[in-house]
Amino acid sequence: MVTINLWKDRANRKLEPALFSETAEKLAKKIGGEGNNVNKSTQLRRYFDEVVRLTAQAKASGADMDLILPQIHMLVAKVAYARGRNLVSDSFVQMMKSGISQVESKEDLQVFANFLESFMGFYKMYRPK
């Protein structure tokens, strides 16, 4: 099972120290090696771009997280749909579910977006095409 922990200590807002390095690289290597017909960079980039868009929306003045959170959680359904079409692997679905399940605030969303940015950077190294 693929899981990520965004926070080492959520109550004190301390990030998991290796989240953007070791964790992102380990998952990029695993997911990047899962076959040529799934997890294409353009497919994964689609979900990263959506998270970035929602993060920007959440940062806007007057943003209502009660309206943004359902859109974030809808990404789980979108990723599941892509899995059903054999476009992404189970590991990618599990990683996205794990991260999204921890998003409760604007700060959580920003951390998840930063994690995905790190993941995508390492992913390009392990699966350049």
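Here is a short chat about the predicted model shown above.

Visitor: What should I know before I start?
Guide: This is a predicted model, where local features need pLDDT of at least 70, side-chain atom pairs count only at pLDDT 80 or more, and totals for chains, interfaces and linings use all residues. Residues are numbered from 1 along each chain as its sequence is written, and side-chain values use heavy atoms, leaving out hydrogens and water.

Visitor: OK, how many helices and strands does the protein have?
Guide: Five helices and two strands. Those are DSSP runs, numbered from the N terminus: H or I of at least four residues for helices, E of at least two for strands. Along the sequence the pattern reads β-β-α-α-α-α-α.

Visitor: New topic: how many aromatic pairs are there?
Guide: Three, searching the whole structure. Rings of Phe, Tyr and Trp (its six-membered ring) pair if their centres lie within 6.5 Å; planes under 30 degrees apart are stacked, over 60 edge-to-face, and the rest tilted. Y47 and F92 make a tilted pair, 5.9 Å centre to centre with 50 degrees between the planes.

Visitor: And what does that pair tie together?
Guide: Y47 sits in helix α2 (residues 41-59) and F92 in helix α4 (residues 90-100), so the pair joins parts 45 residues apart in sequence.

Visitor: Is Y47 buried or exposed?
Guide: Buried, at 5% relative accessibility. F92 is buried too, at 2% relative accessible area. Buried means under 20%, exposed over 50%, and partly exposed in between, with a 1.4 Å probe and protein chains only.

Visitor: Which residues do ring pairs link into a cluster?
Guide: F115, F119 and Y123.
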